[in-house]
Amino acid sequence: MKRAMIIYNPTAGREMAKRHLPGIIENLTYNGFLTIGYPTNGQGSATMGAREAAEQGVDLVVAAGGDGTVYEVINGLAELEYRPTLGLLPFGTTNDLARGLGIGGGFDKACHTLTKGRAIPVDIGKFNGRYFINIAAGGALTELTYEVPYKLKTIIGQLAYYLKGFEKLPHIKSSRVRIEFNDECFEGEIMLFLLANTNSVGGFERLAPRAAIDDGLFDLLIIKKTDLVRFIHLAGEAIRGYHINDQYVIYAQAREVKVSVENNMPVNLDGEYGGLLPGIFTNLHHHLYMMVPE
Ligand SMILES: Nc1ncnc2c1ncn2[C@@H]1O[C@H](COP(=O)(O)OP(=O)(O)OP(=O)(O)O)[C@@H](O)[C@H]1O
């Protein structure tokens, strides 16, 4: 029998993971997996669980939670020689990665993907010794995802992020950066930059139109300094995917991106705090195997 570990965050999203756990174990067991559940109990817990699973030679590690749980699991696996296949059960608030990979459509479908889907090689990103799989970002508003308390997300879901965004919007500032990618270099004031590994970022689905999780490249977006009105207008364009040709936007694809800053700038990795700039973002091509729908 193969072995699976379900690393579940009981506090993710509307706190549904615990309720579904017996059904998940039943489903995996019927499909030939000896399955154990691993509840997370705070920061770093999913990382430890994933490491433990790999050391035990488990075949499939399932991140059952939101993007933050996936991020922690990736960080547990990335530096190991033996890396089990990764599966997702999207129980979080936003579930960007799951949406980007077409995993969803209800609990039964997501479970079906774990046992009957395809295992594909996927890229992950590395930044100053940390790893991410969906997005890395810095600058205006990018810190809001890890500033929203999880209790608020449990009560009002994604609205909690929007409220925090509105609260911060009037105070956003530009930052001076130097961003090197391919043979190009941008130096100047920006509102934010973003590196995407899928086209599902922060609930937007057209932000990084060419992003693919297995192409060895990040989609890089740099939003240059604008006034608030223009910035809000750009956000509206981004929902429809019209932002790419805007004069304030630089859009490129790159395998490695180096970012230097004048003042310390925090980095958001998959919605979690990912340390401070400066640093280099590197795409690790086909570093993991993941279960995706057939
Ligand atoms: N038992 C726990 N109690 C409180 N926090 C926890 C617990 N287990 C994990 N965490 C924290 O939860 C965060 C990850 O949450 P996760 O991303 O899974 O859900 P979410 O925030 O609701 O969803 P999303 O990221 O998709 O919006 C991490 O910061 C992690 O440290």
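Domain bounds, as used here, come from an automatic or database domain assignment. For the protein this assignment gives domain 1, residues 2-122, and domain 2, residues 132-284. The structure is a predicted model, in which local features need a pLDDT of at least 70, side-chain atom pairs count only at pLDDT 80 or more, and totals for chains, interfaces and linings use all residues. Residues are numbered from 1 along each chain as its sequence is written. The pLDDT is the predictor's confidence in each residue, on a scale from 0 to 100; the protein averages 89, and 91% of the residues score at least 70. For the complex, the predictor gives an ipTM of 0.96 together with a pTM of 0.92. Where pLDDT is low, the predicted coordinates should not be read in detail.

The centres of domain 1 and domain 2, taken over C-alpha atoms, are separated by 26 Å. The contact between them takes 19 residues from domain 1 and 20 residues from domain 2, two residues being in contact if their C-beta atoms, placed from the backbone, lie within 7 Å. On the side of domain 1 that touches domain 2, at least two residues each are supplied by helix 3, helix 4 (96-100) and strand 5 (118-127), where helices (H or I, at least four residues) and strands (E, at least two) are DSSP runs numbered from the N terminus. Helix 3 provides the largest share of this side, five residues. By residue type, the side of domain 1 that touches domain 2 divides into eight nonpolar, six polar and five charged residues; here Ala, Val, Leu, Ile, Met, Phe, Trp, Tyr, Cys and Pro count as nonpolar, Asp, Glu, Lys and Arg as charged, and the others, Gly among them, as polar.

Helix 3 (67-77) also takes part in the shell around the ligand, as does helix 6 (150-156), each supplying at least two residues. The ligand is surrounded by 23 residues, of which the closest are Gly-65, Gly-66, Gly-68, Gly-92 and Thr-93; a residue is near a molecule if its C-beta atom, placed from the backbone, lies within 6 Å of it. Helix 3 gives the most to this shell, with three residues, and both domain 1 and domain 2 contribute at least three residues each. The shell comprises three nonpolar, 17 polar and three charged residues.

Leaving aside neighbours within four places in sequence, Phe-132 is in contact with several residues, including Tyr-71, Ile-74, Ile-124 and Leu-269.

Some backbone details complete the description. A cis peptide bond, with omega about 15°, joins Leu-277 and Pro-278, and Pro-278 is placed in the loop between strand 14 (272-277) and strand 15 (279-292). Asn-95, in the loop between strand 4 (85-90) and helix 4, has a positive phi, near 55°, although this residue is not glycine. Asn-95 counts as buried because 23 C-beta neighbours lie inside 10 Å, the cut-offs being 20 or more other C-beta atoms within 10 Å for buried, 12 or fewer for exposed and partly exposed in between, with C-beta atoms placed from the backbone.
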